[in-house]
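Hi,

Here is the structure I promised to pass on.

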Amino acid sequence: MVGWAVALHGGGGDIPIDLPDERRIPRETALRHCLDLGISALKSGKHPLDVTELVVRELENHPDFNAGKGSVLTAQGTVEMEASIMDGKTKSCGAVSGLTTVVNPVSLARLVMEKTPHIYLAFDAAEDFARTHGVETVESSHFITPENIARLKQAKEFNRVQLDYTAPTPKEPEIFGDSQTGTVGCVAVDSAGNLAAATSTGGYVNKMAGRIGDSPIIGAGTYANHLCAVSATGKGEYIIRATLAREVAALMEYKGLSLTEAAAYAVEHSGPRGTCGLVAVSANGEVAMPFNTNGMFRACATEDGYTEVAIWPKK
């Protein structure tokens, strides 16, 4: 049965099971809203590339996720955003990193894919490309929220690089139970079997300026081919080493595994517990959303009427 499907994530990590309602509910609401956007776009016949870009843009615009507006700060107190997008049928893809003023990095990644002979542009050159192509930019202060200034201060005090939803140590203030919000991503397939994936992030709190994670790296944070589309989240260094997104496709292609089997195997073997998760769809409309972290903000829907919005493992 070939049918459309869409899945998205708002990052994974050590999300405390007692996450306060005021932190949980806005994110769940945002996931549901973005899922509805994706469903409507697929139902209206939009190509999965358009669907994934649309959904990720909406996630980037939401201050509670670590991408676009909600991007976390580097050790220097700056924002460095990155994103990528990929089309399954053609394997066309685009990626950007080191962005400081671009409102929607995922859209710039798509422009790199469509308007240049290249795949990846970064830092000043990517910013210049955005300006010459009329992409919406703002002062970098637009991205620097009070919450993220506080998160950076906390990370510096404890001298660490913080990852998605790092739980506080006993000495740390409980207010930062979700001390960093996570990467965002979306995957989609239409009823003709066209596939696409897109991922966007602000990186780690207190990371070295210039550090690049998995999100813009094709085959690591994002991958799509004729079999599946994958967007990953978690500790970028582990995801890059595992070429996690490509691993799912390779297990399907060379081992003949189903999407569910391939995604579960890839997550299980990509790194230690607590390092990653992903969302994926297959050409025939299956969905998989495995993770080895405590939780992962996620949502999905399929043409046969199944929908899910969840954070922690199913009981």
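Let me start with a helix pair. Helix α3 (residues 105-115) packs against helix α4 (residues 123-132) at an angle of about 80°, and their axes are 11 Å apart. That makes the two helices, α3 and α4, roughly perpendicular, because angles of 65 to 115 degrees count as such. On the α3 side the contact is made by L108, L111, V112 and K115, which meet A126, F129 and A130 in α4. Sorted by class, that contact of α3 with α4 has six nonpolar residues, one charged residue and no polar ones. Keep in mind that this is a predicted model.

How much of α3 is buried? Nine of its 11 residues are, so the helix is mostly covered. The buried ones in α3 are P105, V106, S107, L108, A109, R110, L111, V112 and M113. As for what covers them, the list includes α4, but also α2 (48-60), β2 (81-87), β3 (93-99), β4 (120-122) and β6.

Next, the annotated sites. In an unreviewed entry, UniProt lists R211, I212, G213, D214, T233, G234, K235 and G236 under "binding site". Of these residues, R211, G213, D214, G234 and G236 are included in the lining of the largest cavity.

I looked at two of them more closely:

- D214 is in the loop between β6 (195-201) and β7 (222-224). With a relative accessible area of 4%, D214 is buried, because the cut-off for that is under 20%. Neighbours within four places in sequence aside, D214 is in contact with A220, G221, A232, G234, G236, I239 and I240.
- G236 is found in helix α6 (residues 236-242). Its relative accessibility is 0%, so G236 counts as buried. Not counting residues up to four places away in sequence, G236 touches Y204, R211 and D214.

So where does the "active site" annotation fall? UniProt lists T183 for it, again in an unreviewed entry. T183 is found in the loop between α5 (146-157) and β5 (184-189). Is T183 buried or exposed? Its relative accessible area is 5%, so T183 is buried.

That's what I have for now.

Cheers

Methods:
Residues numbered from 1 in each chain as written. Predicted model: local features only at pLDDT ≥ 70, side-chain atom pairs only at ≥ 80, totals over all residues. Heavy atoms only, no water. UniProt positions renumbered as here; feature names shortened; annotations may be inferred. 1 Å grid on protein atoms, 1.4 Å probe; cavity = no way out; pocket = protein on both sides within 12 Å on 5 of 7 lines; lining within 4 Å. Helix = DSSP H or I, 4+ residues; strand = E, 2+ residues; numbered from the N terminus. Buried < 20%, exposed > 50% of the residue type's maximum accessible area, 1.4 Å probe, protein only. Contact = heavy atoms within 4.5 Å. Axes fitted to C-alpha atoms, helices over the stretch in contact; angles between N-to-C directions. Parallel < 35°, antiparallel > 145°, perpendicular 65-115°, else oblique. Nonpolar A, V, L, I, M, F, W, Y, C, P; charged D, E, K, R; others polar.
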